[in-house]
Amino acid sequence: KLEFVKVNQAASHSGPNQQSNDAPVPPVTSQVKDGDILSLVLKDHKGKALVTDLYGRNGVEGQFRYHQWWLKIGEAAQAVKVKVRGPPSSCMLIWEDEFAGLEIDGQDLQTQGRVAWLAKHGTSDATLSPFTRSVSLHEDGTVSLVDAQHMVLGFDDGWALAGANQVHQSPMPAVVV
């Protein structure tokens with residue numbers, strides 16, 4: 001389980017955790033607002049959080065470029081901080097340090113285990129824009145995909161689908177379950 005820790009306010013609430021696909025969708029949280037900056041701290045792993053790990057800067061300059069970072073378990077002091085853009089029922093999570101947004105690998109919204117990236121794209125490194133996957137932030141701390149409410153951020157014991165490849169990573173990457 002994760003806990004969102006507000007960086008710009010004193011209040012906090014629980015964060016993403018695994019949820020069964022048959023579970024009813026919990027209510028949207030009222031504790032998070034548009035513009036809040038959240039630190040993704042793990043609730044069940046004392047001193048741990050989601051941190052970024054550069055996967056690659058890919059593509060051809062002038063045609064299509066993308067930069068992407070894994071979200072993996074690391075030290076809480078290095079927790080990634082994301083800005084909430086939009087209401088918690090349909091918001092984007094933007095990592096302002098790199099101007100990168102949350103995206104699901106391959107944009108596959110039906111397959112569990114797909115890697116959750118922070119990424120940006122465009123034709124030139126100088127003008128890259130964040131990916132803009134919309135998510136819902138729920139009272140119970142889960143983060144679900146707006147386009148697939150049954151899919152939430154979680155973990156699969158280090159396994160992740162990246163493209164057509166199933167890989168095992170250590171530390172564990174965040175995936176959709």
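## Salt bridges and nonpolar cores in a predicted model

At 28% relative accessibility, K48 counts as partly exposed; buried means under 20% relative accessible area, exposed over 50%, and partly exposed in between (1.4 Å probe, protein chains only). The structure is a predicted model, in which local features need pLDDT of at least 70, side-chain atom pairs count only at pLDDT 80 or more, and totals for chains, interfaces and linings use all residues. Residues are numbered from 1 along each chain as its sequence is written, and side-chain values use heavy atoms, with hydrogens and water left out.

The partner of K48 is E75, and the two form a salt bridge with their closest N and O atoms 2.5 Å apart. A salt bridge here is a side-chain nitrogen of Lys or Arg within 4 Å of a carboxyl oxygen of Asp or Glu. This pair links distant parts of the chain, with K48 in strand 4 (residues 48–60) and E75 in strand 5 (residues 64–75), 27 residues apart. Helices (H or I, at least four residues) and strands (E, at least two) are DSSP runs, numbered from the N terminus. E75 is partly exposed because its relative accessibility is 44%.

The whole structure has nine salt bridges, including those in the table.

| Salt bridge | N to O distance |
|---|---|
| E75 and K48 | 2.5 Å |
| R65 and E61 | 3.8 Å |
| R133 and E103 | 2.9 Å |

R65 counts as buried because its relative accessibility is 11%, whereas E61, at 45%, counts as partly exposed. R133 lies in the loop between strand 10 and strand 11 (135–137), and E103 lies in strand 8 (residues 100–104), 30 residues apart. Salt bridges that share partners also join E61, R65 and D125 into one network.

Next come the nonpolar residues. A nonpolar core is a set of buried Ala, Val, Leu, Ile, Met, Phe, Trp, Tyr and Cys residues joined through side-chain atoms within 4.5 Å. The largest such core has 30 residues, and V80, L118, V135, L137 and L145 have the most contacts inside it. Another core, of 10 residues, lies apart from the largest one and includes F131, A160, A162 and V175. In soluble globular proteins, nonpolar side chains tend to be buried together.

The average pLDDT, the predictor's confidence in each residue from 0 to 100, is 84, and 86% of the residues score at least 70. Strand 10 (residues 129–130) has the highest mean, 98, and strand 2 (residues 12–14) the lowest, 30. Over residues 8–21 the pLDDT stays under 50.

How values were computed:
Contact = heavy atoms within 4.5 Å.
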